[in-house]
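The sequence and the structure come before the text.

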Amino acid sequence: MLRAIALLLGALLGASALYEDQAGELDWYRQNVGAVLHADFHTAQGRRLVFVSTDVGMVAALDATTGETAWRQPLPAGERIVAQAIAPGAGALLVGSLAPDGALMARRWTLDGDLVWDVAVLPPAPDAPSPAALAFVGDGAESVVALWGASVTLVRGHTGERAWAWTHEAGEVSASWGGVHLTADRSTLVVYGRAGAGRSSALARAELAFASGAPASEVQLARAPSALDEADAAVLTLEPRFVVTLDAARTHLVFQADGDDGAHGGGAVRTSTMGAWSHASAGAHARILRVPLPGAVLVRLGEGHVVLVDLTTGEPHVRWEARAAGPVAIGSLRAGAQAIVAAVYAGAPAASLEQSTVLVTAGGAEVLPSPSAVPLTRGSYGAPSALYLGSYSKKDGGGVVQIAQRALLVTADGAVHGLADARALWAREEALARPEQLEFLAPPRARETEALADGPQYGQLLRAATRALGVAGGAGARPDGASGGGGALFADSFGFRKLVVVRTASSKVLALRADDGGVAWSALPSLDGQPVETLTMVVVPAPITHLDTDLLLVVRTLSQPHTYAALTYDGLTGELRAPAHSLPSRVLWSAPVPASDAALAALEAGARAPAVGHALVLDDFTVALLPDTDATARAFEAARTSIFFYLLDGAAGVIRGYGFARSQKQHGFRAVVRWTYILPANAHDLSIAQLDSAEAVHAPVQVLGDRGVLHKHLNKNLVALGYTQLDRAAPAAGPSVHVTVLDGVTGAAVHDFVQPRAAGPVKLALTENVVVAHSSAVPSGKPMLSLIELYDNATEPDYLAIMFSGSDAAALRARSSFEPRAPFALSTSFFVSAEVEAMAFTQTAKGITPRQLMLALHSGQMLALDKKLLDTRRPIGAPSTADREEGLMPYSPVLGPMPLQLYVTHGHRVERARGVRCAATTLESTSIVALYGADLFISRQSPAKNFDMLAPDFNKGALALAVAALGVGTVVTTHLRRRQELNRLWR
Amino acid sequence: MATAISGLTSLEQVGTTYVNARHAIRSIAFLKANRLRRPDLVLTFGLPLVDAKGAGLSQAESYSAHEEVYLAALDLDDAPLAKRCIEVLAGRFPGSFRVRTLQAMAQEAGGRFNEALSAYNAILEDDPANTLVMKRRVAVLESMGNTTAAAQALVEYLALYSSDGDAWLQLGKIYLVDSQYRKAAFCYEELLLLAPTNHVFHTKYADILYTLGGPDVKTARKYYAHSLNICPQNNARALYGLMMCCQAMASAGPARSKDKDDARKTAALLEFASTQLEQMYAGKASVSDSTVLSRMLEGLA
């Protein structure tokens, strides 16, 4: 039956999917791995790989030479990776992660990316402290040791089998294990940590039988001279081995020598005063880096100051201090009994990076000659945050094999760089793995006098010719030659060429070209060189289409107290338009100020001064205008009575609508409350969505099968609010999902929809007169879509207007929210087969093309659902003749299974999918859709097929040939006809 | 009135000098359409076209120009030029009936009527419905003075093309020359059917009926009156014929009681015609009293 429905759907819906040969041409997919947390270099079968685990829960192998992804495996959502080890001999990659439920997960992968086993180590107690440590012991990483407070668990590395667990139970003196060491004869596992608290703190050492976990002796405690740091676990160095930790004040290094034979165990606990090492050192920020070195330890005294301490003397070997503000990134490479430590830090000037390398042996440390400058390929990446080293052998000119270094550098923006031999081999913009916001940005249209617009209507030959001749603008470049990596573009004739601007969690903003996915520009905002957090990004559309669109970023510094500022970037080039505009507080809401007619005229005439202003509502509800000029104030004054906004106070369960009024201050405005909507006290999982004000609507009515019409309730100010509510009076009924449709200007409740026995979080999407809400059924947890369609009570259409202008303008005009209109609603609900993370309706230039609802599924795929599937009027039972004529399918409570061609992502998976965005193109048939999460997928979507463009496989050659043949035929037959006519006349 | 061809409406516009090929073509076409037999002008315009071998013209126009120049050369007895033209045409259209007809017309122009007639007959054997040749054959026979054969040829022609008014007219003329009035009257009856509003044909038909005399005089009077009805002004021949008919009827003898009324009308018509003629010749002819005339005609029916 389901198969039959699927077949029927396939037949009815047709294929709006790509053809095989269009894959990669009309769509593209960008796979990210995220910012690297752990990395191990390894060369296998002649391929140099670096195995990484990242902050978005990905385990991946990257080609160390090219940076390409060899394979990638995502961990379940929410897991945080805490450890990684590679056992090349065993062909194993072991990764430890902390699951959301508190379990410690250990996984073993082959070096080809296949999962061998996974095992969960549950916390020893439900309230066990976090974090736990995960260590891989043995040369072949043959065992996984989970250290969790006082508990030690051993998992056999080959099978994933949990071998034994041991917990130090000593009453009040409970231990916190931090390091583990397997003796050379593989018989004893020695664990190190600290025990006790306050003045009774001690360094702890326990010996356990490797096979059984039985303690070989009592736990050895060495009393420390002062209270020990309880935040971080103790660190164990390589041979000569020391257990190292900090005191509670983090001003002293506390360490104790140790040895396999236990000779040093229980030796004297020594301390070193870190204050003597640097004037800016020690204090709350000091911590020991978990880098295993022979008899030495790395201590980060502050963000920009790292010290290598020789524990045999307790004195520092090497100090690294960033010359400019910024952290020092440390990487290490263990080579037998030796280790190499490299540090990368900001040099002077701050834009450059310097590297310093030290060889650490049991006898001391030696600074190696190394390239002092670290070249980064391009873009702004921020300070270095982490460094990973690897080695590889290479032959020099004389055939002598040398060991060379290879490094993976992670910068503050999350980008990952491959470095080798003082060269930057590649860079991956891994900030894109954590997108916060995605916006489409339309490039400006070229003025007719400026450039030859690049468009398919000129034909391939002309384009090729203009490229060959180097005609400016022929390839879509700016005529002035300004281009950011070839990224600055003019709009093409079809509107396919757009920029996709992504604001990332690392505050970096990247602009990608929507047609090929290349990075057009990227920017890491900063204030006076200080790193900042980007709070909001607003696209400020250009008032006329010949100008670049601006991007307004509201940022705040990371240092306390926060400093707020607004930064305006040129959306096309990524250049900063103006100096940062300081703001006294955070911004609640912002909107562009409509440009006046005079300003528009000046812009059309070629004025370069920014004529568009921006209004920012600050924390105290005053309005800050950008730029703060009289002209902006006048423009805002002219428009303020028609600008409204609302703020959702989720904690208080209140939505407030605001308008604007003059304030006492000269040219001052403030936001004033116009309306308040109070949610029920037990409402939770609030979500809110509004109509896209730029959405084009073509038809104010919906024509029915019986030639009747339904008048859509079209109101650009509609706001949909979704929440879950549990009726306390009847808790047995279960929670229900409410969708309240409000008018954003007046606060009037337009409609209230209740889906009983459902729970949030509610995801909403709006278009025209339609609201779609996604929730889960209770108690089955099945995802479902609820559909609400609002219609006005029938009024007689303006037939004369339809006759003369083709449409009923009165019905399409923007109606005032103050007009009393009571719509009626039709609603229905469907179960869907997959959980939905986000959804959006396709947008087209004129709104003529039927819309599709694009669903970002939890599985990482994007599903395109035709609006005719989601129709509130799908008849229950046999459809009538009118229903059939209208194409209404019989109602089925379950939508699915869906034909494969509706999955527009095809073989791609967008991991951690979190949003869908749609943008209209100039071609009415086509909408650009973006699915973003850890990956990014962009495609063109044509819900009604490409009715306004030639198919890509259209044979232009045959057309040209046919036209030429017709031309030749016409000439020949004309000649023949004349000759025949002449002969007939002279017969 | 001249027929407007290619924007030319009068001979003044055509001019007498060659301007360019396009103008020349238009001028020749104008002369032909208006049946203006001006071989001098045709040569003025056509000779440069022939000399230039049709440069700037389509093939059809070029050969048409050669044909017109050839006919003009025949008219002007310019044999070398005619030969030049016919060689071009015969070379391009070997065996063409049209060219053979043109060659026969050269024989006609040279007075070699028998040869021309043989040529025409030969063409007609191959193309029995060739109107031009059939007409040329009539012309040759007339030129030879053999009106009987010419009439016979015309009858054959009219058996095929009975709507050719010119042929009926020509046949009528031949019969008149041969005093075969009944046959001539038949020809004019056909002409009246083809052109019922042409008062000349009415008048001419009435003339023939009057010539036949007897009862046909009364019918002749009717047709004279009809001619006057169509063309009331400056139609002296019809007035004169009407008067003659009336006089002939008045002098035919005493009228019976039935004809008394007719005799009165005849007298009135005579009076009318004579008055009109007098006025016409006195230069005072005014609009005829059509009311009187119409009443008369009713009475004559």
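The contact is formed by 14 residues of chain B and six residues of chain A. The model is predicted. Between them, chain B and chain A bury about 860 Å², with 61% of this area on carbon and sulfur atoms. B:Arg92, B:Phe93 and B:Arg98 account for 52% of the area that chain B buries against chain A, more than any other three residues.

One salt bridge is counted between chain B and chain A. The partners are the side chains of A:Arg987 and B:Asp127, at 4.0 Å from N to O. Six residue pairs are in polar contact across the interface of chain B and chain A, with both residues at pLDDT 80 or more.

By class, the side of chain B that touches chain A holds seven nonpolar, three polar and four charged residues.

Helix H12 of chain B covers residues 199–212 and spans 20 Å from its first C-alpha to its last, close to the 20 Å expected. Its buried residues include B:Phe201, B:His202, B:Tyr205 and B:Leu209. Among the elements covering the buried residues of H12(B) are helices H10, H11, H13 and H14 of chain B. At the start of H12(B), a side-chain oxygen of B:Asn198 lies within 3.0 Å of the backbone nitrogen of B:Val200. Just after H12(B), B:Gly213 has a positive phi of about 70 degrees.

Definitions and conventions:
Residues numbered from 1 in each chain as written. Chains lettered and ligands numbered in written order. Heavy atoms only, no water. Contact = heavy atoms within 4.5 Å. Buried area = accessible area lost by both parts, 1.4 Å probe. Polar contact = N/O pair within 3.5 Å; in protein donor to acceptor, adjacent residues only side chain to side chain. Nonpolar A, V, L, I, M, F, W, Y, C, P; charged D, E, K, R; others polar. Helix = DSSP H or I, 4+ residues; strand = E, 2+ residues; numbered from the N terminus. Expected span 1.5 Å × (residues − 1). Buried < 20%, exposed > 50% of the residue type's maximum accessible area, 1.4 Å probe, protein only.
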